[in-house]
Amino acid sequence: MPAKSRFTRLDAFTKTVEDARIRTTSGGIVTIASLLIVFYLVWGEWADFRRVVVHPELIVDKGRGERMEIHLNISFPRIPCELLTLDVMDVSGEQQTGVKHGIQKVQLASQSQGGRPIEVRALDLHADEQATHLDPNYCGECYGPPAPATATKPGCCNTCEEVREAYASVSWAFGKGEGVAQCEREHYSEKLEAQRDQGCRIEGGFRVNKVIGNFHIAPGRSFSNGMMHVHDLNNYLDPSQGTHTFTHTIHHLRFGPQLPDDFTKRIGGKTMGWTNTHLNPLDETNQVTDDAAFNYMYFLKVVSTSYYPLGWKSKGVPSSQGDSSDLVSLGQHGLEQDGSLETHQYSVTSHKRSLKGGSDSQEGHKERLHAVGGIPGVFFSYDISPMKVINREERTKSLTGFLTGVCAVVGGTLTVAAAIDRGVYEGATRIKKLHQR
């Protein structure tokens with residue numbers, strides 16, 4: 001017999017000799033069943049360890065001097081592109097009138113022709129505005145107002161568009177350009193007449209300050225008259241141009257970049273509850289009216305939202321903060337180099353009214369009265385929430401937690417199996433004794 005070690009007295013797992021062990025059929029069945037249960041539960045622990053969840057946090061938004069992108073796709077089947085203007089303004093005093101950069105107007109065929117898109121190159125009413133066939137010394141008249149700063153030839157209005165800009169600079173209505181040589185040369189009135197029954201889809205994106213503001217799509221060129229923002233409605237309300245209305249469909253409207261597909265695929269797909277919270281509530285919104293003097297208003301509450309991938313660590317100031325955001329191409333704003341995503345969610349309430357005033361008796365609200373006057377169009381007023389939501393990818397268990405779970409599964413299963421086997425064995429033994437009497 002080997003010499004006893006000093007650790008022998010510390011052995012908590014005392015052994016029995018082989019001759020004292022009894023192996024039974026029931027014990028083998030319990031052993032196999034317990035092993036299958038152990039494998040199943042360990043696999044469940046492994047799957048739980050590998051599972052990634054998104055842990056939301058709510059903090060105060062401490063960002064300063066940030067900008068954000070707004071992306072939209074809206075169809076207006078009963079108003080031509082030439083009459084639509086997109087303007088943006090905010091409480092800081094910044095205004096963007098007649099936004100064109102990043103925005104595309106897609107001309108649509110009339111509703112009777114199915115509203116199909118028409119080639120973009122056929123949209124421009126001022127296709128001949130460069131007037132290359134004119135005398136190089138030609139200097140067109142601006143018909144009263146000073147020439148716009150954007151004129152191709154300083155002090156001159158050589159195109160119909162430049163005359164329109166000159167009129168807008170002094171808050172004058174323009175109409176169809178009757179009596180304006182440049183517009184008659186470019187057949188502006190005839191081209192406007194050709195678009196009378198057509199529609200328009202406005203799509204694209206633009207960048208704004210991250211402060212309270214609004215953007216709207218309204219008819220006619222916009223300009224400031226004193227402290228008021230007004231639009232030239234002459235062509236829109238002209239009976240000879242047909243009945244234009246602001247029936248519209250909002251195909252898509254979002255603030256910031258869309259969630260990339262790899263974000264949702266990596267953690268289980270778009271049907272998960274957390275991804276369902278990041279929906280754009282105005283998508284596929286449809287509004288119909290036969291009243292030309294009608295106004296739609298959407299009031300949006302925008303909440304900054306960040307998504308941090310598994311194992312994310314900050315690598316400095318995000319590119320979406322500060323003045324560096326202007327260096328990022330449109331559509332890439334918020335997609336950070338460290339793998340994180342800076343975007344926005346929003347909630348919305350809507351209101352609509354006729355500019356002629358009256359009540360909502362047709363909708364069952366006789367007590368609700370509307371003021372008279374205003375600008376027809378679709379208006380979006382957005383407010384910025386002071387709170388920020390952070391969605392951080394995390395594993396449900398750490399490695400230590402996984403190992404602890406495996407030990408608990410093995411130990412617990414074998415303990416219960418031993419108790420069951422002991423009970424079966426004792427029961428079988430007693431039954432045998434009763435039969436031998």
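# Disulfides, helices and a pocket

Biologist: Quick one on C200: buried or exposed?
Modeller: C200 counts as buried, since its relative accessibility is 0%. The cut-offs are under 20% relative accessible area for buried, over 50% for exposed and partly exposed in between, using a 1.4 Å probe and protein chains only.

Biologist: What kind of model is this, before I go on?
Modeller: It's a predicted model, where local features need pLDDT of at least 70 and side-chain atom pairs count only at pLDDT 80 or more, while totals for chains, interfaces and linings use all residues. Residues are numbered from 1 along each chain as its sequence is written, and side-chain values use heavy atoms, leaving out hydrogens and water.

Biologist: OK. Which cysteine does C200 form a disulfide with?
Modeller: C81, with the two sulfur atoms 2.1 Å apart. The test for a disulfide here is a pair of cysteine sulfur atoms within 2.5 Å. The C81 and C200 link is right-handed, at 100 degrees about the S-S bond.

Biologist: Where do C81 and C200 sit in the chain?
Modeller: C81 is in the loop between β2 (67–76) and β3 (84–90), and C200 is in strand β6 (residues 199–209). That pair links distant parts of the chain, 119 residues apart.

Biologist: What about C139, which cysteine is it joined to?
Modeller: C139 is joined to C156, S to S 1.8 Å. This link is left-handed, with -105 degrees about the S-S bond. Both C139 and C156 lie in the loop between β5 (103–108) and α2 (160–169), so the pair ties together parts that are 17 residues apart in sequence. C139 counts as partly exposed because its relative accessibility is 42%, whereas C156, at 3%, counts as buried.

Biologist: Next up, C160 and C183: which hand does that link have?
Modeller: Right-handed, with 85 degrees about the S-S bond. The sulfur atoms of C160 and C183 are 1.9 Å apart.

Biologist: Which helices hold C160 and C183?
Modeller: C160 lies in helix α2 and C183 in helix α3 (residues 181–185), so the pair ties together parts 23 residues apart in sequence. C160 is buried, with a relative accessible area of 0%, and C183 counts as buried at 2% relative accessibility.

Biologist: How many residues of α2 are buried?
Modeller: 8 of its 10, so α2 is mostly covered. Among the buried ones are C160, E161, E162 and R164. Just after α2, S171 takes a positive phi of about 60 degrees.

Biologist: Changing topic: how far does α1 reach, end to end?
Modeller: α1 has 26 residues and reaches 38 Å from its first C-alpha to its last, close to the 38 Å expected at 1.5 Å a residue. The expected span is 1.5 Å times one less than the number of residues. For α8, the 38 residues should span 56 Å, and the end C-alpha atoms are 55 Å apart, which agrees.

Biologist: What covers the buried residues of α1?
Modeller: The cover includes β16 (377–395) and α8, with contact meaning heavy atoms within 4.5 Å. Those buried α1 residues are G27, V30, S34, V38, E45 and F49. Seen from the other helix, α1 is part of what covers the buried residues of α8, which are F402, G405, V406, V409, T413 and A417.

Biologist: How much space lies in the second largest pocket?
Modeller: About 520 Å³. Of its 15 lining residues, the closest to the centre are I22, G27, T31, A418 and D421. On a 1 Å grid over the protein atoms alone, a pocket is an open set of points where a 1.4 Å probe fits, with protein on both sides within 12 Å along at least five of seven lines, and lining residues have an atom within 4 Å of a point. Points are joined across faces, edges and corners, and the volume is the space filled by probe spheres set on them.

Biologist: Which element gives the most to that lining?
Modeller: α8, with 6 residues.

Conventions:
Helix = DSSP H or I, 4+ residues; strand = E, 2+ residues; numbered from the N terminus.
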